[in-house]
Amino acid sequence: MKRNPVCTNAMWYFVLSGIVLFFLIQGVCSAQTAAITGTITRASDGTPVSGMYVYAYDATTGAVITGASSGANGVYTISGLSAGSYKVHAHPSGASGLITQWYNNAADRNLATPVTATAGGTVTGVDFSLVSGAYSISGSISVSVPGLHVGAESATTGGFVEIGTTAADGSYTIYGLAPGTYKIRFSGDATYAYQYYNNALDYNSATPVMITTASQTGINFNVVQVGSVSGTISTGSVGVSGKYVYAYDAITNAGFGTRVMSDSNGLYSITGLPPGSYKIKFNGDATYAMQYYGNTPNTYEAVWVTVAEGAATT
């Protein structure tokens, strides 16, 4: 998002042969940011909740932008934001026993009310009244790597609910969950492929995890290293730049990751792929026809491309 600048006039002067010359320089600009503030309280008695982190997510992309912690009076202020629309999330600690919440009293990001922030302004009254009785979901990933993320998504709406982070031994816990049904996703990184529980490659294939009257444990992930597919888009012997290529699961046709664009030589590389078989699609445009690898416009005629764990397929 683009920040709206605030422009002022500046006065400069020079001395030339004893004569002072003044110049008015217009349009000296400084970027002005926005802020979001509110209060976090307990629903049971209205007392303030201190030390709780609140995060602002881009309402369009879903990316987390920044956050802030509530003070002793329960007040938080997220500052330094660009003008735009945000979804705001109160992220309780495990010890608090409070249920996570999205503004305005929403259970997940899809249901959250967007907050519009303007340059130079502060949006007030973005408050949270949190309910006690939270449960958790915990488990481990099969590698001892800290700092990786495991998230809970609503099994009803598909919206992101809450997140946990792996410890040095690969264990994780997602706190702040209300009774309900969730799909749990290991987010992966540049080395390890994302996956849903239980060994599923997409949301629809994931095994739901239900919380009724007790926290759930043993939600484990056998993680695998990612592979890649690369190649060239060309017409004759000339590479074609700026064209999009996608990878789809050969069986389910589910898409993986984001689209990639060919470089100035027509080269492309799709990274972050779990081991498996894929159909590779050149998206086409007004000049070039869409086609799948295997020189066909039909998905059922596409030649499958096999990606091995941690391998680059070219």
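Start by selecting S228: across from it, in β28, stands A312. This is a predicted model, in which local features need pLDDT of at least 70 and side-chain atom pairs count only at pLDDT 80 or more, while totals for chains, interfaces and linings use all residues. Residues are numbered from 1 along each chain as its sequence is written, and side-chain values use heavy atoms, with hydrogens and water left out.

Now widen the selection to β19, residues 227–232, which runs parallel to β28 with two bridges between them. Strands here are DSSP runs of E, at least two residues, and helices are runs of H or I, at least four residues, numbered from the N terminus; two strands pair if DSSP finds at least two bridges between them.

Go to Y103 and N104, joined by a cis peptide bond with omega about 10 degrees. N104 is in the loop between β8 (101–102) and β9 (115–117). Step along to N105, in the loop between β8 and β9: its phi is positive, about 60 degrees, although it isn't a glycine. N105 counts as exposed because its relative accessibility is 61% (buried means under 20% relative accessible area, exposed over 50%, partly exposed in between, with a 1.4 Å probe and protein chains only).

Jump to Y197 and N198 for a cis peptide bond, omega about 10 degrees; N198 belongs to the loop between β17 (195–196) and β18 (209–211). Then try N295, a non-glycine residue with a positive phi near 60 degrees, in the loop between β26 (291–292) and β27 (305–307). N295 is exposed too, at 64% relative accessible area.

Last stop, the inside. Select I36, I40, Y76, I78, V88, V126 and F128, which touch the most other members of the largest nonpolar core, a set of 22 residues. (Such a core is a set of buried Ala, Val, Leu, Ile, Met, Phe, Trp, Tyr and Cys residues joined through side-chain atoms within 4.5 Å.) Two or more residues each come from β3 (34–42), β4 (53–58), β6 (75–81), β7 (84–91), β9 and β11 (128–130). Apart from this core lies another, of 20 residues, including V150, F186, V209 and V223.
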